[in-house]
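Q: Could you walk me through this structure, one feature at a time? I would like to learn how to read each of them.

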Amino acid sequence: EELLLHLRKLDNVDTFTERPAVFDASAYDVCIYQLGNNPFHTFAYEAAMEHPGIVVLHEANLHHLIADLTIKRGDWDGYLREVEIDGGPEALAYARRYVQPVRRGPDYDLPLLTSILRTSRAVIAHSETVAQAARERGFKGPIAKIPHGAWTINVDGAPYRQKLGLTTDVPLFGIFGFLKPYKRIAEALRAFRRVIIEHPQARLILVGEAHPELPLANMISSLGLGAHVRHIDYAPIEEFNGYLAACNAILNLRYPTVGETSGTLLRSLGMGKPVMISEIGAFSEYPDEICLKVPVDASEEEHIYEYLKLLIERPEIGRALGQHARAWVERECNWPSVAMKYAAFAQAIATGTAHIEQPQSPAPVD
């Protein structure tokens with residue numbers, strides 16, 4: 001929505017949030033399709049297959065989306081065809097033996113990108129990780145690496161600290177968004193339990209709907225963190241921003257990853273918050289001076305613990321990280337700049353002037 005606000009200042013743009021009854025692709029110089037790995041993007045995927053254009057890959061995996069298009073509609077032939085195209089005979093044999101008879105779930109590590117990449121005219125990726133994944137899946141057309149846009153906004157977090165019953169001197173950490181197990185929440189809670197032994201005034205909030213596979217309430221209770229950790233369910237964007245602004249630092253960890261870019265992370269950086277991220281995939285591409293990177297190995301919990309302590313005991317380090325983060329967002333990810341890059345790439349594709357990188361040198365086109 002924010003991208004469109006700025007893109008419309010540069011070009012004539014029509015938008016579709018659902019499949020139109022009639023669509024004439026010839027009326028446009030180029031079509032851009034936002035593709036996320038979830039059912040909300042199925043209509044966009046179908047349109048992109050019918051009317052090739054530029055696909056924006058939010059992550060380097062569309063398996064959940066394809067499963068929704070095929071398995072959930074009873075189209076097993078379609079699913080098996082996509083598995084074979086993307087993974088070959090071995091993947092097809094696995095799907096026939098285990099997935100179709102519902103003996104095991106789908107192998108979601110298989111990205112199922114090949115069909116859309118074979119069809120599309122060009123790709124936009126938010127990271128080199130996703131751009132490289134497209135190359136590895138055989139895409140030989142133009143790729144532009146365009147950052148995920150972000151705001152640099154000032155939000156008063158004081159009222160939300162008051163809602164939490166916290167004074168300004170209480171160290172407050174936050175985990176935001178849909179609370180899924182792969183966001184390393186269990187590891188963060190265990191590390192935080194160690195922190196409050198030395199800093200009992202510290203608090204942690206988790207803001208967002210808990211995934212059914214994450215027994216969050218039980219985890220908090222079993223770790224004895226009821227007095228120090230609070231879960232706030234789904235929050236409208238104004239409250240989401242308010243609670244984020246109330247925090248001293250944000251944890252945005254995840255493993256495994258398929259190259260996704262976190263909107264919450266960009267929002268946090270734009271607010272000038274020190275952020276802790278996992279050193280993997282697209283997240284490893286962020287500059288070291290704007291975040292704290294946590295390895296996804298046996299030292300993960302120890303790193304989280306040490307970083308939490310560091311941010312409490314050396315608040316000037318957190319302030320410096322936040323200042324660098326906000327400046328980086330202003331310079332690299334501001335929405336007008338992102339919109340200009342979209343417009344320039346779209347024009348290059350429409351006019352046939354886009355540069356195509358050689359497969360062995362997959363650096364994306366700006």
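Predicted model: local features only at pLDDT ≥ 70, side-chain atom pairs only at ≥ 80, totals over all residues.

Q: Which strands does helix α14 lie across, and at about what angle does it run to β3?

A: Residues are numbered from 1 along each chain as its sequence is written, and side-chain values use heavy atoms, with hydrogens and water left out. Helices (H or I, at least four residues) and strands (E, at least two) are DSSP runs, numbered from the N terminus. Axes are lines fitted to C-alpha atoms, for helices over the stretch in contact (heavy atoms within 4.5 Å). Angles run from 0 to 180 degrees between N-to-C directions. Here α14 (residues 335–351) lies across β1, β2, β3 and β4, at about 165° to β3. Helix α2 lies across β1 and β2, running at about 140° to β1.

Q: In what order do the strands of that open sheet come?

A: Two strands pair if DSSP finds at least two bridges between them. The order in this four-stranded open sheet is β1-β2-β3-β4, with parallel pairing. Because β1 and β4 stand at the edges with a single partner strand each, one side of each has no neighbour in the sheet. From one strand to the next, the twist averages 20°. β3 and β4 are joined by three bridges, and valine 123 stands opposite isoleucine 143 in β4.

Q: Which residues of the largest nonpolar core touch the most other members?

A: A nonpolar core is a set of buried Ala, Val, Leu, Ile, Met, Phe, Trp, Tyr and Cys residues joined through side-chain atoms within 4.5 Å. Buried means under 20% relative accessible area (1.4 Å probe, protein chains only). Among the 35 residues of this core, Leu35, Tyr45, Val55, Leu57, Ile116 and Leu117 touch the most other members. Elements that each supply at least two residues include β1 (32–35), β2 (54–57) and α5 (114–119), and α4 gives the most, with seven. Apart from this core lies another, of 33 residues, Met219, Leu223, Val294 and Leu308 among them.

Q: What does valine 55 contact beyond its neighbours within four places in sequence?

A: Its partners are Tyr33, Leu35, Ala48, Ile116, Ser120, Ala122, Val123 and Ile124.

Q: Is strand β9 covered or uncovered on its faces?

A: Both faces are covered in β9 (residues 275–278): Val275 and Ile277 are buried on one side, Met276 and Ser278 on the other. Three bridges join β9 to β8 (residues 249–252), running parallel, with asparagine 252 partnered by isoleucine 277. Three bridges also join β9 to the parallel strand β10 (residues 292–294), where leucine 292 is the bridge partner of methionine 276.

Q: How can I read the buried residues of helix α12?

A: An α-helix has 3.6 residues a turn, so residues three or four places apart point the same way. In α12, the buried residues are Glu300, Ile304, Tyr305, Tyr307, Leu308, Lys309, Leu311 and Ile312. They pack against β5 (172–176), α8 (185–198), β8, β9, β10 and α13 (315–332).

Q: And what do the buried residues of α6 pack against?

A: Val130, Ala131, Ala133, Ala134 and Arg135 are buried in α6, and the buried residues of this helix pack against β2, α5, β3 and β4. Just after α6, glycine 138 takes a positive phi of about 95°.

Note on methods
Buried < 20%, exposed > 50% of the residue type's maximum accessible area, 1.4 Å probe, protein only.
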